[in-house]
Amino acid sequence: MSDSSDDVPARRLLSTGTVLAIWLTIGAAVPLTTATSVLLAQQPPLPGRPGADALTGLVALLGDVIARFAGAATLGLLAAIVVFSPSRAGDTPRRPDERLRRWLARSAQVWFAASVLMTFANPSFVEGIAVAGSFRADAWWLFVTSTASGLAWVASSLAALAIVMLGWWGRGGTSFGLAWLAGAAATVFVAVTGGVSVGLDHDWATDAVGLATLASVTLCSGAVGALVAMAVDPDSRVAAIRRYHRSAPILVGVGAVGYGIGAWQQLAGVSPFATVFGLPVVGGFSLGALLVASWLWRQFAERTSDAASWRRSTSSVARDVVLLTLSLTSLTAATYLSPPRYLVPQSVQINYLGYEMNVPATLARLAGFGRPNLLWLLLAAAAIGLYLWGVVRVTRRGGRWPLSRLLFWLGGWGLTVYLSVSGLWMYSTAVFSWHMLVHMTVNMMVPVLCVLGAPLSLVYAASRARLPGEFVGVQELLGRLTQNRLVRVLLSPPLVWLNYVGSLFLVYFSPLFPWLMRYHWGHQMMLLHFVVAGYAFFALLVGPDRHPWQLPYIVRFALLLSIMPFHAIFAVGIMESRTILGEQFYRSIDVSWVGDLLHNQNIAGQVTWFTGEIPAFVAVIMLAAQWFRSDSSQAAAADLLADAGGSGDELAAYNDMLAELAGRDRG
């Protein structure tokens with residue numbers, strides 16, 4: 001990993017000045033946060049929050065900024081262990097460096113402590129009461145169960161605690177990767193339950209800020225991970241800088257656009273220079289511009305490729321860490337300063353949905369262009385773009401990718417694009433019958449088509465295996481993930497079947513459904529769960545990708561047939577129920593043109609039954625075709641063995657031939 005033209009001692013890679021600059025920036029965040037609390041105390045209290053005091057705001061601000069710093073450090077250390085670690089021969093996971101594990105445990109402890117504090121301070125700030133009154137078991141439980149942001153901080157606490165234990169006892173590299181995913185998800189959860197979930201257009205703002213937070217988490221993890229990797233292993237300097245450098249532009253762009261949409265919604269038409277809330281907004285985008293300038297400087301250094309330029313590149317990564325630290329401070333300030341959006345009156349429908357639903361649904365409005373679902377539109381665009389890029393890479397290498405798989409993938413995500421931009425999505429948020437049409441399509445039809453696209457096989461075909469000493473690549477990460485014991489358990493047939501069938505009953509026939517429908521992020525999380533559950537189930541049955549559990553075709557057919565009675569019971573349960581599902585939510589938004597909610601629920605049950613039959617029929621056909629092809633391959637292998645005269649170890653030769661034919665099918 002070292003560069004022969006460039007032999008810099010380790011102590012000069014991270015100089016005393018660099019380390020001191022990072023610590024000074026972290027220290028400067030404390031007075032900046034205190035100044036924000038002073039500005040916050042000077043603002044007039046919002047309606048319904050007469051008990052808010054300066055101490056509560058200060059505690060919430062300091063707890064939040066400490067949690068953000070500790071979370072960024074923790075996820076960066078996890079990235080250093082997983083992404084910035086060299087691969088080994090035989091794809092053997094490398095045991096994490098003991099120093100990294102100790103640092104990881106310590107930073108996660110700070111993250112955990114700050115997150116626990118925020119489970120008291122954040123609900124107190126949101127509800128407008130003194131923080132001292134929340135340090136009682138009954139008050140804490142009431143706040144956490146009634147405040148979405150309080151629940152998000154509980155999730156952050158649990159993720160941090162799991163990482164603490166992993167830092168103490170973890171050994172396998174895959175566990176650290178799963179921990180990064182859990183920590184990133186908890187961070188996004190905290191972001192989408194903040195002020196962006198309030199007011200007109202909060203559906204777009206929530207999606208945009210959620211994606212921007214994921215991009216910023218990845219960017220911070222890359223900067224911190226690269227810096228830590230260079231400090232631990234100086235020979236990895238060039239590779240660490242290049243890996244971080246290549247990912248920075250797209251992440252900065254996604255973060256800027258996402259936070260820009262969030263700021264646009266929060267400002268509500270007010271100039272950022274005309275309100276206190278605009279100060280951290282302007283500061284944050286200025287820091288983003290400096291990050292772009294820092295990337296351009298590294299781009300120049302990579303072109304020159306001399307020793308002095310690479311030393312400057314090393315310093316530029318540390319400079320990015322400083323800029324990102326200041327950005328997190330600005331983001332925290334913007335989270336707690338009241339935006340102009342809070343002063344704009346809103347209806348009940350805007351409060352729950354982010355928009356009004358006063359126009360009755362017609363066939364033209366349902367089939368035509370409606371209010372886009374930003375999250376699913378961007379996810380589908382990214383999935384299609386990355387898949388096409390992978391096909392191009394395979395073709396350039398002289399390979400060939402089956403057209404049928406490409407069409408299946410485009411069909412699945414193309415259907416998702418249509419659902420996300422048509423009137424079906426917009427009306428599904430307010431009308432239960434259209435809600436079930438969209439959700440059952442996402443739960444069954446989209447996963448079947450996407451599974452048949454074999455995306456994991458494309459990843460293996462489009463990427464290259466890393467040589468020993470190089471940083472791990474996508475192939476190694478996916479290979480280790482499928483071998484992880486926890487992943488194997490989660491993908492085991494009983495759990496996959498239970499999740500696919502049971503989650504429908506658990507969500508819709510419990511108070512969980514109306515609670516999730518109250519929040520845009522809850523509705524999106526429900527959709528994400530259903531598409532993942534559907535993908536995991538159909539990947540087990542008809543997926544061309546290599547699966548940790550290879551089942552005989554007769555068992556696959558049995559599993560596929562076994563879900564049909566439960567799906568029918570679920571649909572009949574909706575039709576025959578005398579209780580309106582999600583009644584409180586649907587009566588609150590009061591969509592007058594819907595009419596009788598119980599009659600609409602009966603229609604929803606019929607839609608559920610019908611939409612479940614088509615994907616099941618497709619799965620049966622594909623499974624039968626795969627079974628027939630497998631039997632034909634085995635018959636061909638037996639004929640070849642018979643033609644060979646059965647010499648030698650016939651059983652071993654027969655098994656080798658089957659393995660070779662199976663390999664050809666996968667190729």
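**Close-up views of a predicted helical chain**

View 1. The model is a predicted one, in which local features need pLDDT of at least 70 and side-chain atom pairs count only at pLDDT 80 or more, whereas totals for chains, interfaces and linings use all residues. Residues are numbered from 1 along each chain as its sequence is written, and side-chain values use heavy atoms, with hydrogens and water left out. Methionine 426 belongs to helix α16 (residues 423–428); helices (H or I, at least four residues) and strands (E, at least two) are DSSP runs, numbered from the N terminus. If neighbours within four places in sequence are set aside, methionine 426 is in contact with Tyr355, Met357, Gly370 and Arg371, contact being defined as heavy atoms within 4.5 Å. A separation of 7.5 Å is found between the C-alpha atoms of methionine 426 and proline 372, which are 54 residues apart along the chain.

**View 2. Threonine 332 in helix α11.** Threonine 332 is found in helix α11, which spans residues 307–336. Threonine 332 counts as buried because its relative accessibility is 1%. Not counting residues up to four places away in sequence, threonine 332 touches Leu61, Asp64, Val65 and Arg68.

**View 3. Two aspartates with positive phi.** Aspartate 201 is not a glycine, yet its phi is positive, at about 65°; aspartate 201 is placed in the loop between α7 (173–192) and α8 (202–232). Phi is also positive in aspartate 590, near 50°, again in a residue other than glycine, and aspartate 590 is in the loop between α25 (583–589) and α26 (597–643). Aspartate 201 has a relative accessible area of 12% and is buried, whereas aspartate 590, at 54% relative accessibility, counts as exposed.

**View 4. The two sides of helix α5.** In helix α5 (residues 137–146), the buried residues are Ala139, Phe143 and Val144. These residues cover an arc of only 125° around the axis, which puts them on the same side of α5; the arc is that of the directions from the helix axis to the C-beta atoms. Ala137, Trp141 and Leu142 are exposed on the other side of α5. The elements that cover the buried residues of α5 include α4 (98–127) and α6 (148–169).

**View 5. Aromatic pairs.** Rings of Phe, Tyr and Trp (its six-membered ring) pair if their centres lie within 6.5 Å, with planes under 30 degrees apart counted as stacked, over 60 as edge-to-face and the rest as tilted. By this rule there are 30 aromatic pairs. Phenylalanine 120 and tryptophan 140 form a tilted pair, at 6.2 Å centre to centre and with 40° between the planes. Phenylalanine 120 lies in helix α4 and tryptophan 140 in helix α5, so this pair ties together parts that are 20 residues apart in sequence. Phenylalanine 120, at 17% relative accessibility, counts as buried, while tryptophan 140, at 24%, counts as partly exposed. The pair of tyrosine 387 and tryptophan 401 is edge-to-face, because the ring centres are 6.4 Å apart and the planes stand at 70°. Tyrosine 387 lies in helix α14 (residues 374–396) and tryptophan 401 in the loop between α14 and α15 (403–421), so the pair ties together parts that are 14 residues apart in sequence. Both tyrosine 387 and tryptophan 401 are buried.

**View 6. Arginines over rings.** A charge sits over a ring if NZ of Lys or CZ of Arg is within 6 Å of the ring centre and within 35 degrees of the ring normal. Arginine 488 lies over the face of tryptophan 549, at 5.0 Å from the ring centre, and arginine 556 lies over the face of tyrosine 553, at 4.5 Å from the ring centre.

**View 7. The nonpolar cores.** A nonpolar core is a set of buried Ala, Val, Leu, Ile, Met, Phe, Trp, Tyr and Cys residues joined through side-chain atoms within 4.5 Å. In the largest such core, which has 78 residues, Phe432, Tyr508 and Phe538 touch the most other members. Not counting residues up to four places away in sequence, phenylalanine 538 touches residues including Asn443, Met444, Tyr500, Leu560 and Ala619. A second, separate core of 47 residues includes Leu40, Ala60, Ala160 and Trp521.

Key. Buried means under 20% relative accessible area, exposed over 50%, partly exposed in between (1.4 Å probe, protein chains only).
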